[in-house]
Amino acid sequence: MTRRLSIALAALLLLAAGCELPERDQAPPNFVLIFADDVGYGDLSSYGHPTIRTPNLDALAHEGIKLTSFYAAAPACSPSRAALLTGRYPIRTGILWALGPDEDRGIDDSEITLAEALGAHGYRSAAIGKWHLGARDRYLPTRHGFDSYFGLLYSNDMMPPWVGTERPLELWRDTLPVEHPVDQTTLTRRYTEEAVRFIDESRGRPFFLYLAHSMAHVPLHRSQEFEGVSRGGRYGDVIEEIDWSVGRILEALRESGVEDNTLVVFTSDNGPWMYMPDRMFLEDKIKPWDAGSAGPLRGAKAGTYEGGVRVPFIAYWPGRIAPRQVSSELAVAMDLYTTLVQLAGAELPDDRSIDGKDIMPLLESGAGSPHEYFFYVYPRRLEAVRDAEWKLRITRDGSDRIVTELFHLTVDPYERFNVAGQHPEVVERLKSQMTRFAEETGATLASTSLPR
């Protein structure tokens with residue numbers, strides 16, 4: 001029996017056995033995972049943006065927890081999403097860069113996605129928005145555990161003239177394209193309507209909603225109602241519509257009577273795309289300032305300084321997550337896999353390395369991080385590692401010389417001061433961890449002198 005057939009059979013048996021609904025206090029929790037695209041650490045007002053207003057996300061943070069040391073697993077779209085949905089570093093899944101429309105590559109059948117793990121325990125699931133884990137039939141969300149799909153298969157710029165492809169950008173429902181050209185001005189609103197419908201239709205059965213917004217990836221689009229509403233310009237309009245979407249989803253949870261039994265998470269796939277290539281400006285529809293902000297952090301998308309991978313994270317669950325919490329403890333997007341599977345009472349795969357940890361104690365009561373180290377890999381090169389206090393970064397500069405940087409993130413999260421010379425013992429300790437991880441996963445190190 002194939003693994004996928006076994007998962008489906010387990011789900012059917014569980015549903016067949018569940019003739020009566022459980023008592024409310026025994027019902028499995030629901031999960032709403034809102035995953036923004038290219039939204040940086042500094043793009044929400046609760047994270048310090050001076051002109052963009054995000055009242056719904058700010059309220060969510062006030063009534064729940066905001067993490068200030070939360071990391072995407074990679075500084076780019078596809079590897080970050082693969083890690084989120086498998087609980088594994090991208091180097092383990094083989095998805096190392098942003099997949100193009102014409103690539104015959106995607107998430108492997110052998111991976112057990114979060115939707116599959118939860119589906120085997122009776123959950124219904126929907127993927128809405130950007131997928132970016134393969135654009136061929138065998139890679140579609142509905143082939144990997146999701147009961148339904150509505151969205152774009154890859155980034156909203158992956159069409160002529162910005163990308164060298166003849167394939168049109170299409171809006172998909174389940175396994176078929178349903179719209180071309182895509183009206184991107186209404187995407188955020190339509191994604192939200194789909195999410196609300198899914199919540200309403202899930203009454204009486206636990207659900208997993210994966211809402212992966214196509215915005216704020218460029219080219220930027222927002223509905224007519226949000227044109228010119230933000231003091232933060234066009235980018236601000238886009239973020240404020242995403243904030244509206246969060247508010248509407250919370251409203252739907254309340255209307256369905258499941259808010260108190262639902263964990264809601266908001267985060268982003270990587271840092272802001274601050275340094276766009278020249279191809280993005282070919283039609284003069286995109287301006288250099290149509291990008292987010294990493295706030296006080298150094299770096300941006302596609303890089304392994306903090307601004308490329310440290311992203312906003314807010315979690316809300318009335319009665320389970322204490323309000324008004326702010327934590328600087330280390331957590332990673334892969335942790336959501338392990339945390340949600342265990343909250344559901346499902347089983348983690350035991351035949352592979354799962355890198356995500358259970359962060360529910362951190363979210364509920366501000367416990368310490370379950371991680372000893374976090375490794376920064378992109379695409380295959382292991383460039384940095386951090387522990388609770390220190391970050392070691394070993395790369396090559398434009399002249400192909402090895403550059404070693406050590407930052408004390410507790411006092412210098414902005415990575416302004418390289419103190420490698422003052423702490424050789426820390427450098428050696430962290431370097432040994434990089435070597436160990438590279439040997440385990442096949443990641444390359446700067447010393448190998450391989451192209452990035």
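Helices (H or I, at least four residues) and strands (E, at least two) are DSSP runs, numbered from the N terminus. With that convention in place, I turn to the model itself. It is a predicted model, in which local features need pLDDT of at least 70, side-chain atom pairs count only at pLDDT 80 or more, and totals for chains, interfaces and linings use all residues. Residues are numbered from 1 along each chain as its sequence is written, and side-chain values use heavy atoms, with hydrogens and water left out.

I begin with the peptide bonds. H180 and P181 are joined by a cis peptide bond, with omega about -5°. P181 has its place in the loop between β7 (176-179) and α6 (187-201). A cis bond also runs from V218 to P219, and there omega is near 5°. The loop that holds P219 lies between β8 and α7.

That loop, between β8 (207-212) and α7, also contains R222. Is R222 buried or exposed? R222 counts as buried because its relative accessibility is 17%, where buried means under 20% relative accessible area, exposed over 50%, and partly exposed in between (1.4 Å probe, protein chains only). The side chain of R222 makes a polar contact with the side chain of D237, at 3.1 Å. A polar contact is a pair of N or O atoms within 3.5 Å; within protein, one must be able to donate a hydrogen and the other to accept it, and residues adjacent in sequence count only if both atoms are side-chain atoms. Neighbours within four places in sequence aside, R222 is in contact (heavy atoms within 4.5 Å) with residues including T185, E227 and E241.

Next comes the loop between β1 and α2, where D38 is placed. D38 is not a glycine, yet has a positive phi of about 65°. D38 counts as buried, at 2% relative accessibility. Y41 has its place in the loop between β1 (30-36) and α2 as well, and is buried with a relative accessible area of 10%.

Rolling a probe the size of a water molecule over the atoms shows where empty space is left. On a 1 Å grid over the protein atoms alone, a cavity is a set of points where a 1.4 Å probe fits but cannot get out, and lining residues have an atom within 4 Å of a point. The structure holds one cavity of 30 Å³ or more. About 40 Å³ of space lies in the largest cavity, a volume being the space filled by probe spheres set on the points, which are joined across faces, edges and corners. Its lining consists of D38, A216, H217, V218, Y235, W273, D290, A291 and G292.

In α2 (residues 55-62), the buried residues include L57, L60 and A61. Why do they lie on the same side of α2? They cover an arc of only 100° around the axis, taken from the directions from the helix axis to the C-beta atoms, and therefore share that side. The buried residues of α2 pack against β2 (65-67), α7 (233-255), β9 (262-268) and β10 (313-316).

Helix α3 is mostly covered, with 10 of its 10 residues buried. The elements covering its buried residues include β1, α4 (90-93), α5 (114-119), β8 and α9 (335-343). T86 belongs to α3 (residues 77-86) and counts as buried at 1% relative accessibility. A polar atom of the T86 side chain lies 3.3 Å from the backbone nitrogen of R88. Just after α3, G87 takes a positive phi of about 75°.

I close with two further residues. H132, in the loop between β4 (124-129) and β5 (148-152), has a positive phi of about 60° although it is not a glycine. H132 is buried, with a relative accessible area of 1%. T441 is found in helix α11 (residues 424-441) and counts as buried at 15% relative accessibility. Not counting residues up to four places away in sequence, T441 touches I91 and R92. A polar atom of the T441 side chain lies 3.3 Å from the backbone nitrogen of A443.

Definitions and conventions
1 Å grid on protein atoms, 1.4 Å probe; cavity = no way out; pocket = protein on both sides within 12 Å on 5 of 7 lines; lining within 4 Å.
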